[in-house]
Amino acid sequence: MGASYKIMCTTAIATTRRSESARGAQEKSRAALQRYLFYCNRYMNHMQSLQVRAQAYASVKEKMEEMQQHNMSWIEVG
């Protein structure tokens with residue numbers, strides 16, 4: 001009976017260590033995913049900002065050209 005109890009305890013300890021190891025790997029994976037999502041969102045926000053900036057620049061340029069056609073100098077427009 002003592003030998004089988006020792007085998008059961010050893011098996012239980014090994015299983016616990018494997019589950020702790022799996023939890024550690026899961027936590028690492030979760031942290032890596034969170035980091036990836038953070039930088040992905042940061043990149044996407046930056047790209048969206050550049051698009052909005054380009055649209056605003058085009059709009060302002062178009063408005064300035066329109067005003068210059070009404071005999072306004074570029075100093076009065078700017």
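1. A quick definition to start: a salt bridge here is a side-chain nitrogen of Lys or Arg within 4 Å of a carboxyl oxygen of Asp or Glu. By this rule the count comes to one salt bridge. The partners are K63 and E66, whose closest N and O atoms are 3.8 Å apart.

2. Before going on, note that this is a predicted model, where local features need pLDDT of at least 70 and side-chain atom pairs count only at pLDDT 80 or more, while totals for chains, interfaces and linings use all residues. Residues are numbered from 1 along each chain as its sequence is written, and side-chain values use heavy atoms, with hydrogens and water left out.

3. Now the overall fold. The chain has two helices and zero strands; both terms refer to DSSP runs, numbered from the N terminus (helices are H or I, at least four residues; strands are E, at least two). Helix α1 covers residues 2-68. K63 and E66 both sit in helix α1, three residues apart, or about one turn of the helix.

4. How much of the chain is buried? Buried residues account for 1% of the 78 residues, where buried means under 20% relative accessible area, exposed means over 50%, and partly exposed is in between (1.4 Å probe, protein chains only).

5. Have a look at Y43, M44, M47 and L50, which make a nonpolar surface patch of about 380 Å². M44 lies in helix α1 and is partly exposed at 48% relative accessibility.

6. Finally, the aromatics: a search of the whole structure finds one pair. The rings of F38 and Y39 have centres 4.9 Å apart and planes at 80 degrees, so the pair is edge-to-face. For reference, rings of Phe, Tyr and Trp (its six-membered ring) pair if their centres lie within 6.5 Å; planes under 30 degrees apart count as stacked, over 60 as edge-to-face and the rest as tilted. F38 is partly exposed at 47%, and Y39 is partly exposed at 44%.

How values were computed. Patches are made of residues with over 30% relative accessible area and no salt bridge: like charges are joined within 9 Å, nonpolar side chains (Val, Leu, Ile, Met, Phe, Trp, Tyr) within 5 Å. Accessible areas come from the Shrake-Rupley method with a 1.4 Å probe; for residues, only the protein chains shown count as cover.
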